Amino acid sequence: MNKKTVFIENLKAGEKVSSAFLVAEKNLAYSQKGAPYLNLRLKDKTGEIDGKVWDNANEWDGQFKKGDIVQVYGRALSYKNSLQLSVLELKMLTDDQLDLSDYFPSAKQPAEDMFTELMTYVEKIQTPCLKDLLNAFFQDEKTLALFKKAPAAKGFHHVYLGGLLEHTLSVTKLLDTTIQHYQNVNRDLLLTGGLLHDIGKIYEFDYDRLVQYSDEGRLIGHIVIGVEMVNAKIAMIDDFPKTLAMELRHLILSHHGVLEFGSPKRPKTLEALIVHHIDDLDAKVNAFKTFIDDAPEGDTSWTPFHKLLERYLYKGG
């Protein structure tokens, strides 16, 4: 196994590069003179970089695909204030030659530590049927394995392995604090909703190599998938109260807040309203922090334009 030693975050303009990268995007294009070249988006656990293959593009195009890991030989260049790789040669690598953890960004905190902390909130649940429901999810080996690995999104927030677990833990901790501030809130329903609001994301995405939508994710989406999963587990629990089940389903269905963002219902209970806003807050804080941290260094206090947030972000003085 070859341990990667050269990472994208350490590349500097003018350097020769010989290192392996994951091919995140690949497309064949043509110059104004009609000459073919390859546009690449290469990544490792520290970031992404554009690459260009100028020579023998048609030949190289057939030798690897999106999602492959390739050994790249070339040079790092500065182009329009961004770093780019001019690729001279490529070599396909197999998984047994690699430590795959070098190529996939992951949560900073170990998944096992986050899950252990998450389960302390499950233990706080005093409503027996809700605790049974949560244990039915988190004691299921297949569900748990996917939950610990899944990202929370494809391109906006917590876009890394373990991101869903990190986001769920953060939302749950914020909800636990919120409960202490507001009166007349169903504490157990609120925490259960926070713990399960995004559970459908374990099937919404494929994340073996690249974070991509699964067929189920594109056709159904994590909100409906999540409700179906909850319904299936509730059906296995004797005498689960119908009203409580309805309120939990509503919370999951409405947690995106508005129809435009995929929720078939807007929040109509206090618990659903709180989960929606805490979920939105945690996602946007992570998106802000990640975009600022990943912004190129330079003589400006501002990031590039964020397309999804539709604004420049201030990095500070």
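Me: Which side chain meets E117 in a salt bridge?

Reply: The model is a predicted one. E117 belongs to helix 2 (residues 111-124), and its partner lies 56 residues apart in helix 5 (residues 163-179). The N to O distance is 3.2 Å, and the side chain that meets E117 is K173.

Me: Is E117 buried, partly exposed or exposed?

Reply: Buried residues have under 20% relative accessible area and exposed ones over 50%, with partly exposed in between. E117 has a relative accessible area of 25%, so E117 is partly exposed.

Me: How far apart are the closest N and O atoms of K66 and E25?

Reply: K66 is in the loop between helix 1 and strand 4 (69-79), whereas E25 is in strand 1 (residues 16-30), so that the pair links distant parts of the chain. K66 counts as partly exposed at 37% relative accessibility, and E25 likewise counts as partly exposed at 41%. Their salt bridge has its closest N and O atoms apart by 3.5 Å.

Me: Which residues are linked with R41 in a network of salt bridges?

Reply: R41 forms a salt bridge with D50, in which the closest N and O atoms are 2.8 Å apart. R41 is partly exposed at 27% relative accessibility, and D50 is partly exposed at 34%. The residues linked with R41 in the network are K43, E48 and D50.

Me: What is the geometry of the aromatic pair formed by Y37 and W54?

Reply: A search of the whole structure finds six aromatic pairs. In the pair of Y37 and W54, the centres are 5.0 Å apart. An angle under 30 degrees would count as stacked and one over 60 as edge-to-face. With 35° between the planes, the pair of Y37 and W54 is tilted.

Me: Why is the pair of F305 and Y312 classed as it is?

Reply: F305 is partly exposed at 40% relative accessible area, while Y312 counts as exposed at 52%. The ring centres of F305 and Y312 are 5.2 Å apart. Because their planes stand at 70°, the pair is edge-to-face.

Me: Which residues form a negative surface patch with D215?

Reply: D215 lies in helix 8 (residues 215-219). Its relative accessible area is 64%, so D215 is exposed. The residues that form the negative surface patch with D215 are D206, E216 and E228.

Terms used
Residues are numbered from 1 along each chain as its sequence is written. This is a predicted model: local features need pLDDT of at least 70, side-chain atom pairs count only at pLDDT 80 or more; totals for chains, interfaces and linings use all residues. Side-chain values use heavy atoms; hydrogens and water are left out. Patches are made of residues with over 30% relative accessible area and no salt bridge: like charges are joined within 9 Å, nonpolar side chains (Val, Leu, Ile, Met, Phe, Trp, Tyr) within 5 Å. Accessible areas come from the Shrake-Rupley method with a 1.4 Å probe; for residues, only the protein chains shown count as cover. A salt bridge is a side-chain nitrogen of Lys or Arg within 4 Å of a carboxyl oxygen of Asp or Glu. Lys and Arg count as positive and Asp and Glu as negative; His and the chain ends are not counted. The place of a charge is taken as NZ of Lys, CZ of Arg, CG of Asp or CD of Glu. Helices (H or I, at least four residues) and strands (E, at least two) are DSSP runs, numbered from the N terminus. Buried means under 20% relative accessible area, exposed over 50%, partly exposed in between (1.4 Å probe, protein chains only). Rings of Phe, Tyr and Trp (its six-membered ring) pair if their centres lie within 6.5 Å; planes under 30 degrees apart count as stacked, over 60 as edge-to-face and the rest as tilted.
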